[in-house]
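Subject: Structure handover and notes

Dear colleague,

I am passing on the structure below, together with my notes on it. Please read the notes with the structure open beside them.

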Amino acid sequence: MPVNYLAGASGEAVFAAVDLGATSGRVITGRVGPGRLELTEAHRFANTPVRLPDGLRWDVLALYQGMLDGLRAAGRSGPVASIGIDTWAVDYGLLDGDGALLGLPFHYRDARNSGMAERLPDGCGVRELYAVSGLQHLPFNTVFQLLAHRETAQWEAARTLLLMPDLLVYWLTGSVGAEITNASTTGLFDARGGDWSDALIGRLGLNRALFPPLREPGAPAGALLAHVADHTGLPCGTPVTTVASHDTASAVAAVPAMEADFAYVSCGTWSLAGLELDAPVLSEESRAANFTNERGVDGTVRYLRNIMGMWLLEECRREWDRTGAPLGLARLLADAAASPPFAAVIDPDDASFLAPGDMPARIDAQLLRTGQAPPRTPGGYVRCVLESLALAHRRTLRRAAELAGRTPVRIHLVGGGSRNELLCQWTADATGLPVTAGPAEATALGNILLQARAHGLVGDLAALRRLVARTQELRHYEPRGNRRDWDRAEARLGRPQEHEAAGAEGDMN
């Protein structure tokens with residue numbers, strides 16, 4: 001029988017969240033009880049992709065080892081009630097008929113995806129894909145990766161496709177499944193029907209048998225295998241619980257919203273900006289605006305757009321470190337605050353920013369194309385990036401509200417970017433909406449709370465969010481300054497200026 005450590009006399013239980021991001025992984029323990037929600041980082045490890053002769057790959061074996069080491073560390077804090085895993089979306093591993101992994105999974109930034117959208121078969125173009133999946137068109141969507149992959153020998157041997165968190169769950173438990181919030185990011189999910197789209201899979205010439213049964217957050221995913229228990233020191237049979245395994249879905253679940261009409265920005269490597277809806281928006285207007293409809297918790301829809309996020313800043317810092325001019329983040333932000341406002345702005349969604357490399361040089365190139373002078377100091381680049389992200393948040397949330405027929409009254413900015421006071425304040429200034437920043441650890445919190453809910457310790461989604469609001473440190477930013485300055489900055493990018501509000505100045509709509 002699986003071991004299930006429920007809350008003891010204190011009414012608390014310990015849960016382990018495996019949270020893998022694009023640059024690092026963590027195992028975090030969470031103590032959940034009446035009015036209590038506390039996180040402790042048990043172990044952190046690097047996520048370093050490897051470039052092989054055939055492309056850029058994830059070192060998933062190193063990630064798995066880091067996860068096992070982290071689970072061993074988590075067990076030292078006390079009996080673990082269950083384990084949940086979340087990662088980034090779209091990437092996957094292929095298993096052969098014996099369940100063995102066929103090569104390291106490709107990285108979504110690999111160049112193999114380029115041009116795959118042009119190779120869609122007749123009758124299954126981008127419009128047809130969107131009408132079913134409602135997925136934002138991005139060159140690295142799983143559907144395009146599969147079109148590139150199916151020309152390989154690995155594809156011929158493949159019998160099962162597992163998205164990254166599902167692959168790790170399989171290695172822990174031997175159980176095969178596909179968690180629904182991550183499955184909805186593949187481009188092969190029926191946004192209305194809530195299942196794999198047999199029609200799209202068939203039209204694309206893919207093998208339906210590759211795609212495993214779907215699992216909802218909160219469902220049991222299996223129990224630790226004996227050899228895994230041996231390595232981690234956890235009891236054999238420790239439960240693994242299905243969480244919202246797409247990290248953004250876990251983060252949105254932990255948004256501490258008390259109001260129904262809220263917008264969110266989950267800001268880390270990417271900024272995911274949007275609304276929580278009850279039903280997808282699959283109109284042609286929505287497709288043209290490149291919004292995505294991804295599954296959230298309890299059948300909700302994450303209606304959002306991917307925006308290049310803190311990746312821009314981190315790549316700048318990597319380049320400055322590489323060239324012998326390392327600067328701490330605190331110094332860079334102070335210099336950014338002191339730099340002239342709106343001296344230069346970029347479109348963060350430009351495809352030239354997607355790949356790793358010399359980010360300041362690529363920023364310079366876009367600025368010169370738009371008739372702007374490049375910054376002269378690192379602080380100037382940081383100000384350019386952060387003001388440009390605030391503008392992108394404004395554009396995206398304004399358009400989402402128009403397309404969905406909603407009027408958000410507050411923005412919740414969660415994730416690592418919520419620690420960046422300049423970005424939070426400038427997002428409030430640009431949108432004219434108050435911003436609540438935090439929690440920074442929204443993804444891990446969502447992961448842990450969904451485990452706790454599956455064990456009967458937390459109520460519905462609203463109760464989960466109330467617990468976050470009561471227990472986590474939040475900061476509040478009110479709009480200030482002249483919004484017309486943001487209008488003028490946006491106009492430099494060839495974007496339409498924001499419509500003047502009928503009411504008081506500062507309303508995003």
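Strand 16 (residues 270-277) and strand 18 (residues 301-308) pair in the antiparallel sense, with eight bridges between them, and within this pairing Gly-274 has Leu-304 of strand 18 as its bridge partner. Strands are counted as paired if DSSP finds at least two bridges between them, while helices (H or I, at least four residues) and strands (E, at least two) are DSSP runs numbered from the N terminus. The model is a predicted one, in which local features need pLDDT of at least 70 and side-chain atom pairs count only at pLDDT 80 or more, whereas totals for chains, interfaces and linings use all residues. Residues are numbered from 1 along each chain as its sequence is written, and side-chain values use heavy atoms, with hydrogens and water left out.

The two strands belong to an open sheet of seven strands with mixed pairing, ordered 17-18-16-15-19-20-21. Its edges are strand 17 (292-295) and strand 21 (475-477), each of which pairs on one side only. On average, neighbouring strands of this sheet are turned by 30 degrees against each other, direction ignored. Helix 14 (residues 378-404) packs on the sheet, where it touches strand 15 (262-267), strand 16, strand 18 and strand 19 (410-414), and its direction makes about 150 degrees with that of strand 18. Contact here means heavy atoms within 4.5 Å; axes are lines fitted to C-alpha atoms, for helices over the stretch in contact, and angles run from 0 to 180 degrees between N-to-C directions.

Helix 13 (residues 359-369) has a buried side made up of Met-359, Pro-360, Arg-362, Ile-363, Gln-366 and Leu-367; these residues lie on the same side of the helix because they cover an arc of only 160 degrees around its axis, the arc being that of the directions from the helix axis to the C-beta atoms. On the other side, Leu-368 and Arg-369 are exposed. I use buried for under 20% relative accessible area and exposed for over 50%, with partly exposed in between (1.4 Å probe, protein chains only). The buried residues of helix 13 pack against helix 11 (311-322) and helix 14. At the N-terminal end, Asp-358 caps helix 13, with a side-chain oxygen 3.2 Å from the backbone nitrogen of Ala-361. Just after the helix, Gly-371 takes a positive phi of about 75 degrees.

Strand 1 (residues 13-20) is mostly covered, eight of its eight residues being buried. Strand 1 pairs with strand 2 (residues 24-33) in the antiparallel sense over eight bridges, Val-14 standing opposite Arg-31, and the two strands form a hairpin with three residues between them. Strand 1 also runs parallel to strand 6 (residues 82-86), to which five bridges join it, and there Ala-16 stands opposite Ile-83.

Phe-291 is placed in the loop between helix 10 (284-288) and strand 17, and it counts as buried because its relative accessibility is 1%. Leaving aside neighbours within four places in sequence, Phe-291 has contacts that include Tyr-130, Tyr-303, Leu-304, Thr-396 and Leu-403.

Turning to the aromatic rings, those of Phe, Tyr and Trp (its six-membered ring) pair if their centres lie within 6.5 Å, with planes under 30 degrees apart counted as stacked, over 60 as edge-to-face and the rest as tilted. By this rule there are 10 aromatic pairs. Tyr-108 and Trp-270 form a tilted pair, 6.5 Å centre to centre and with 50 degrees between the planes; it links distant parts of the chain, 162 residues apart, with Tyr-108 in the loop between strand 7 (92-95) and helix 2 (126-133) and Trp-270 in strand 16. Tyr-108 counts as buried at 6% relative accessibility, as does Trp-270 at 13%. An edge-to-face pair is formed by Trp-320 and Tyr-381, 6.1 Å centre to centre and with 65 degrees between the planes, which joins helix 11 to helix 14 across 61 residues. Both Trp-320 and Tyr-381 are buried. Finally, ring pairs link Trp-58, Trp-88, Tyr-108, Phe-140 and Trp-270 into a cluster.

With best regards

How values were computed
A polar contact is a pair of N or O atoms within 3.5 Å; within protein, one must be able to donate a hydrogen and the other to accept it, and residues adjacent in sequence count only if both atoms are side-chain atoms.
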